[in-house]
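Please look at the sequence and the structure below, and keep both in view while reading the paragraphs that follow.

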Amino acid sequence: MIHLKDKFKNIATPFYYYDMDLLAKTLDIVKAESSKYGFNVHYAVKANYDDKIMQTIAAHGFGADCVSGGEVAKSLEMGFKHQDIVFAGVGKSDAEINTALDADIFSFNCESLEELSVINELAALKGKVANVALRLNPDVDPQTHAYITTGKAENKFGIPFHEVDTFVEMLPTLTNIKFIGIHFHIGSQITNLSVFKELCERVETFVKWFEERGIRVESINLGGGLGIDYQNPDVNPIAPFADYFKIIADNLKVAEGRSIHFELGRSVVGQCGTLVSRVLFNKTTAAGTQYAIIDGSMTELLRPALYSAYHEVANISSTDTNSTYHIAGGVCESTDLFAKDISLPATKRGDFIVIRSAGAYGSAMASTYNLRPLPCSVYSDTIDNL
Ligand code: LLP
């Protein structure tokens with residue numbers, strides 16, 4: 001990224017820099033690899049809802065995966081087709097359900113039996129029939145951070161399998177719902193792909209269970225979760241999509257005749273985004289720890305503070321001899337720390353510090369805590385016009 005420092009020099013920091021070539025390349029690869037098997041990919045809007053990022057993804061023909069009425073409305077505005085939108089979430093409000101009903105989306109991914117009844121009632125009031133997929137909790141351990149695990153029995157997500165009998169009893173009374181299939185999402189930043197094999201095995205059992213009861217499962221949605229290489233963003237800028245889709249194609253034997261859906265977020269946008277900041281001050285504590293305090297903070301990128309997440313940090317301005325640093329933001333929280341004891345070229349005020357792999361769940365989780373402004377976006381294809 002060193003070559004970018006001249007381009008950055010007149011831009012106020014902190015800001016998100018998006019490599020639009022990398023995004024386009026990633027999207028092309030996702031399309032090529034998923035099309036081999038006829039899979040449908042919905043972009044998980046929650047990962048990054050920047051206008052230009054969303055418009056680019058929509059223009060590549062992806063569907064959208066939403067978790068709020070706001071995301072449904074924004075997806076439509078950014079060019080995603082209504083018939084390619086799926087809507088998940090354990091806490092959909094009546095207003096949000098109505099937004100999605102009005103938009104005639106592809107599917108509500110329904111997370112409780114009570115929610116089913118409410119969608120049915122609200123659809124009836126509009127004289128509509130809503131497509132619904134049941135989000136089932138498959139109790140599969142995704143072997144990732146506990147905070148981003150969603151498919152284990154103790155998680156709040158999805159309908160536990162013991163309630164599915166009740167669903168089957170309810171189904172004939174739900175006249176304003178069309179059951180189209182089943183949905184899963186077991187967690188995020190999954191790097192052990194064998195976990196997806198286990199998911200496929202569970203999905204097979206569920207599909208058979210429904211079919212034995214004469215209920216047709218037309219669509220299977222496997223959610224998202226494919227991880228990226230936070231340690232080596234330059235070596236592996238693109239997630240292993242070929243292996244990922246192949247493992248599903250090889251293991252999902254029930255796939256024939258059904259539409260198969262994915263909801264990918266992090267793997268699509270994670271590597272194209274970088275948080276760019278400048279060093280404000282250097283200081284050394286009484287304990288001898290050297291801090292470089294930067295103008296980027298947990299309000300622009302919360303992941304390190306919230307999940308102790310690793311992001312590669314680099315000084316792209318200095319070529320001095322290395323020294324050991326804690327890299328911290330200026331927010332009044334001790335967890336506002338991007339890196340501990342990392343070796344960086346000696347930093348001075350004004351140096352650019354970049355925090356890599358921040359395209360997913362970076363700007364999307366930004367806040368105005370401490371009344372800090374939300375970060376701006378800068379794009380590789382328009383940076384020369386700034
Ligand atoms: N589908 C559903 C139902 C989801 O809940 C999620 C993510 C996705 C798809 C997309 O998953 P992905 O492909 O991005 O792994 N803020 C956390 C991640 C939270 C993920 C929430 N759900 C982080 O920064 O790591």
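Helices (H or I, at least four residues) and strands (E, at least two) are DSSP runs, numbered from the N terminus. The model is a predicted one, in which local features need pLDDT of at least 70 and side-chain atom pairs count only at pLDDT 80 or more, while totals for chains, interfaces and linings use all residues. Residues are numbered from 1 along each chain as its sequence is written, and side-chain values use heavy atoms, with hydrogens and water left out.

Two backbone features can be located in loops. Gln189 is found in the loop between β7 (177-183) and α8 (194-212), and Gln189 has a positive phi of about 50° although it is not a glycine. In the loop between α1 (5-8) and β1 (15-18) lies Pro14, which is joined to Thr13 by a cis peptide bond with omega about -5°. Most residues other than glycine have a negative phi, and most peptide bonds are trans.

Among the polar contacts (pairs of N or O atoms within 3.5 Å), a polar side-chain atom of Ser188 lies 2.4 Å from an oxygen atom of the ligand, and a polar side-chain atom of Arg303 lies 2.6 Å from an oxygen atom of the ligand.

Definitions and conventions: A polar contact is a pair of N or O atoms within 3.5 Å; within protein, one must be able to donate a hydrogen and the other to accept it, and residues adjacent in sequence count only if both atoms are side-chain atoms.
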